[in-house]
Amino acid sequence: MNKYVTDAINLKSYNLNDADKIVLMYSKENGLIKGVAKGIKKPKSKLGARMDLLVANTLQLLKGRSMDTILQAQTVNNFKKSRQDIDKLMYSSYLTELIVNFGEGSEGASKEIYELLYKALNRVSDALDKKDALIAVIKFQLKLLLIMGFCVELDTCLCCRERVLDEEMYFSSSMGGIVCGECNETLGVSLKMHHKIRDFLQAMLQFDFNYESEYDRKATEKVCQVCFNLLDDYIRIHTNKKQKSVKVIQGITA
């Protein structure tokens, strides 16, 4: 039989029949995969809570013609603290929604994306406050965009290609980044960006995910919320996909 083992994080699930479910997962080796969890709805199912959403498992699967079958699952991390906090749960749901929307065709970068998602979910789960959770989400947004070829330009003006330092600048989601004040006299971009916000975003993109820089420490929840909204708008415009969980997040942060 054609069995294989992989690490994967559960993203979504669908009812297949009265006893079985189809689970959409992001795997370290193969990107997005679907597996049938047979008998998962039965009280004595061996898979049980391992197939809940937002759980990282080491799986054994049986290769099938149209869909694989999940034979065994050993939980690596269930990100327990996120299940006990509505803010953390919604931020985690946002991360997995991004993966569902970005994941098609990402097999070549699956290991990098899997590890990024795992780190982000773990950081959100362990976050001490909303600001810390938002920082994890912002880092994830920026780094996923970089991996997928949608990187935000934060260093040079998209019009004149000159480096923008601490002078006046504007941000255009549709153009893909910053525009200097001089060029914007012609372009008329409405969203003005302070250089400290730009510097914060640059740091979130450039530093290792788990590294806590001075920007992490000095940022406020309000700054993080502004950056989250800006990046989500950028993602929506460049992928033509709106994250449904954003409405709930905006409701809990209002």
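Helix α3 covers residues 130-147, and at 1.5 Å a residue its 18 residues should span 26 Å, which agrees with the 26 Å between its end C-alpha atoms. That expected span is 1.5 Å times one less than the number of residues. Helices (H or I, at least four residues) and strands (E, at least two) are DSSP runs, numbered from the N terminus.

A word on the source: this is a predicted model, where local features need pLDDT of at least 70, side-chain atom pairs count only at pLDDT 80 or more, and totals for chains, interfaces and linings use all residues. Residues are numbered from 1 along each chain as its sequence is written, and side-chain values use heavy atoms, leaving out hydrogens and water.

Staying with α3, 16 of its 18 residues are buried, so the rest of the structure largely encloses this helix. Buried here means under 20% relative accessible area (1.4 Å probe, protein chains only). Just after α3, Gly 149 has a positive phi of about 85°.

Now to the strands. Five of them form a closed barrel in the order β1-β2-β3-β5-β4, with mixed pairing; two strands pair if DSSP finds at least two bridges between them. Strands β2 (residues 21-27) and β3 (residues 31-37) run antiparallel and are joined by seven bridges, and Ser 27 has Gly 31 in β3 as its bridge partner.

| Helix | Lies across | Angle to β1 |
|---|---|---|
| α1 (residues 86-102) | β1 (3-15), β2 and β3 | about 105° |
| α2 (residues 110-126) | β1, β2, β3, β4 (56-62) and β5 (68-77) | about 55° |

Contact means heavy atoms within 4.5 Å. Axes are lines fitted to C-alpha atoms, for helices over the stretch in contact, and angles run from 0 to 180 degrees between N-to-C directions.

Key:
Buried < 20%, exposed > 50% of the residue type's maximum accessible area, 1.4 Å probe, protein only.
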